[in-house]
Amino acid sequence: MAPSVECDRPIGILFVCLGNICRSPIAEAVFVDLVAKRGLSARFHIDSAGTARYHVGEHPDGRTVATCGKHSVAIKHLGQQLVPRHFAEFDYILCMDRDNLSDCKRVKPKGQCRAKHELFGSYSEDKSDLIVTDPYYGGMEDFELMYERTVRCAEGLLKRLVPED
């Protein structure tokens, strides 16, 4: 059963990509922005992580920051790696692509875990959003496309977790 916003504790959402400097920090920032605009910030615990250690302790890619700035979405994050404790801390671990999901399953501790882990893109009404592609080796237009896809996925996630009346 999916956690509801009526629970006493916040719903934990962890967004996951490879390095935690492009896709997952944007997803985190977009979702933080969406829940704040709905007055639901206290109902969520939102963070992001990478499956690899490449950028632990680093700020997001400059293009990530620029893309968020263009859309007036605040972004404040330092890279971290997905670790087993995240499966107890979060209700949802949302991966950007199938490789991230596969890596996530390898990190998952044995036995029962609190976190449901799946593709973030599965929450978009646009089925072409299933995979949030990595813009790292592309240009600003790739970051913009990734941002737009992330917004659709985040809106779908929030709609599923907190249906509007």
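**Close-up views of helix H1 and the chain around it**

**View 1. Helix H1 spans residues 23-37 of this predicted model.** H1 has 15 residues. From the first C-alpha to the last, H1 reaches 21 Å. That is close to the 21 Å expected at 1.5 Å a residue.

**View 2. H1 is mostly covered.** Of its 15 residues, 12 are buried. Buried residues of H1 include the charged side chains Arg23, Glu28 and Asp33. Also buried in H1 are Ser24, Pro25, Ile26, Ala27, Ala29, Val30, Phe31, Leu34 and Val35.

**View 3. The buried residues of H1 pack against strands and helices.** The strands are E1 (11-17) and E2 (44-50). The helices are H2 (62-70), H4 (98-107) and H5 (140-161).

View 4. The chain has 5 helices and 4 strands. Its elements run β-α-β-α-α-β-α-β-α from the N terminus on. The radius of gyration is 15 Å, which agrees with the value near 15 Å for a compact globule of 165 residues. The C-alpha atoms fill a box of roughly 40 × 40 × 30 Å along the principal axes. Buried residues make up 50% of the chain. Among contacts with a separation of 6 or more, 75% join residues 24 or more positions apart.

**View 5. Surface and charge of the chain.** The accessible surface comes to about 8,500 Å². Carbon and sulfur atoms account for 53% of that surface. The chain carries 22 positive and 24 negative charges, and their mean positions are 5 Å apart.

How values were computed: Residues numbered from 1 in each chain as written. Predicted model: local features only at pLDDT ≥ 70, side-chain atom pairs only at ≥ 80, totals over all residues. Heavy atoms only, no water. Helix = DSSP H or I, 4+ residues; strand = E, 2+ residues; numbered from the N terminus. Rg over C-alpha atoms; globule rule 2.2 N^0.38 Å. Buried < 20%, exposed > 50% of the residue type's maximum accessible area, 1.4 Å probe, protein only. Contact = heavy atoms within 4.5 Å. Areas by Shrake-Rupley, 256 points an atom, 1.4 Å probe, with all protein chains shown as cover. Charge placed at Lys NZ, Arg CZ, Asp CG, Glu CD. Expected span 1.5 Å × (residues − 1).
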